[in-house]
Amino acid sequence: MPEENVFNKENEAEAVRDDAAELQTSKYLICISDGLLYGIDAEQVETIITDHTITRLPRVPHYVRGIINLRGQIIPIIDIRLRLGKPQADENCIMVVNVGSDCMGILVDGVDKMVDVLQSSILPMPTQNPQKLISGMCSLPDGKTLLILDCGLLLHE
């Protein structure tokens with residue numbers, strides 16, 4: 001009998017670990033661009049800037065709008081609309097994110113809110129696009145679709 005109790009306790013502990021793995025969540029900050037919702041890993045987001053002046057640079061890809069000076073650090077600014085082949089927007093803000101050891105700014109239409117997303121609910125994108133900037137997608141509780149943005153790929157053509 002004691003062996004059965006040990007076996008059952010081990011099974012219970014394993015079931016709890018399995019449940020915990022299924023319920024692992026990640027925090028994403030939702031930004032809006034061209035009517036679509038993009039999720040950026042909250043751990044990567046440094047700050048959000050609404051009042052900005054971008055210094056233009058010559059001879060950079062069309063989607064690099066320029067640079068800003070943020071507390072003495074020079075940050076390149078990527079316009080997500082231009083990067084995805086859409087027209088520029090008049091109203092926007094900059095999300096400064098850390099990608100590895102580098103910082104960059106992403107120009108978006110606006111920032112919405114922070115959400116917790118179950119990792120098990122993130123599905124792969126149903127496309128074979130070689131310029132894949134979206135690492136996955138999921139449905140939010142309100143029925144909208146969230147596209148998970150891979151910030152590390154924004155600078156690569």
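Five strands build an open sheet with mixed pairing, in the order 8-1-2-10-9. Strands here are DSSP runs of E with at least two residues; helices are runs of H or I with at least four residues, and both are numbered from the N terminus. Two strands pair if DSSP finds at least two bridges between them. The edges of the sheet are strand 8 (110-118) and strand 9 (134-139), and each of them pairs on one side only. Neighbouring strands of this sheet are turned by 35° against each other on average, direction ignored. For such angles, axes are lines fitted to C-alpha atoms, for helices over the stretch in contact, and angles run from 0 to 180 degrees between N-to-C directions.

This is a predicted model, in which local features need pLDDT of at least 70, side-chain atom pairs count only at pLDDT 80 or more, and totals for chains, interfaces and linings use all residues. Residues are numbered from 1 along each chain as its sequence is written, and side-chain values use heavy atoms, with hydrogens and water left out.

Now look at one pair in the sheet. Strand 1 (residues 25-33) runs antiparallel to strand 8, and seven bridges join them. Find I32: it stands opposite G110 in strand 8. Strands of a sheet pair through backbone hydrogen bonds, either parallel or antiparallel.

Step back to the whole chain. It holds two helices and 10 strands. Along the sequence the pattern reads α-β-β-β-β-β-α-β-β-β-β-β. Of the 157 residues, 36% count as buried. Buried means under 20% relative accessible area, exposed means over 50%, and partly exposed lies in between (1.4 Å probe, protein chains only). The chain exposes about 10000 Å², and carbon and sulfur atoms supply 50% of this area. Accessible areas come from the Shrake-Rupley method with a 1.4 Å probe; for residues, only the protein chains shown count as cover. Contact means heavy atoms within 4.5 Å. Among contacts between residues at least 6 apart in sequence, 55% join residues at least 24 apart.

Next comes strand 6 (residues 93-99). Five of its seven residues are buried. Strand 6 has antiparallel partners. Strand 3 (residues 45-49) pairs with strand 6 over four bridges, and T47 stands opposite V96 there. Strand 7 (residues 102-108) is joined to strand 6 by seven bridges. In that pair, M95 stands opposite I106. Strands 6 and 7 form a hairpin with two residues between them, and G100 in the turn has a positive phi of about 65°.

The largest nonpolar core has 22 residues, and I40, I106 and L149 touch the most other members. A nonpolar core is a set of buried Ala, Val, Leu, Ile, Met, Phe, Trp, Tyr and Cys residues joined through side-chain atoms within 4.5 Å. At least two residues of this core come from each of strand 1, strand 2 (36-41), helix 2 (80-83), strand 6, strand 7 and strand 10 (145-149). Not counting residues up to four places away in sequence, I106 touches I40, I78, I80, C93, I94, M95, V97, L149, C151 and L154. Another core, of 10 residues, lies apart from the largest one; I54, I77, V96 and C103 are among its members. In soluble globular proteins, nonpolar side chains tend to be buried together.

What about the cysteines? A disulfide is a pair of cysteine sulfur atoms within 2.5 Å. By this rule there are zero disulfides. The sulfur of C31 is 8.0 Å from the closest cysteine sulfur, in C151, so the two are too far apart for a bond. C93 is in no disulfide either; the nearest cysteine sulfur, that of C31, is 8.0 Å away. C31 is buried at 0% relative accessible area, and C93 is buried at 7%.

S33, in strand 1, is buried at 2% relative accessibility. Leaving aside neighbours within four places in sequence, S33 is in contact with Y38, I80, R81 and D109. D34 lies in the loop between strand 1 and strand 2 and is partly exposed at 33%. D34 has a positive phi of about 55° although it is not a glycine. Most residues other than glycine have a negative phi. R71 is not a glycine, yet its phi is positive, near 50°. R71 sits in the loop between strand 4 (64-70) and strand 5 (73-79), and at 73% relative accessibility it counts as exposed.
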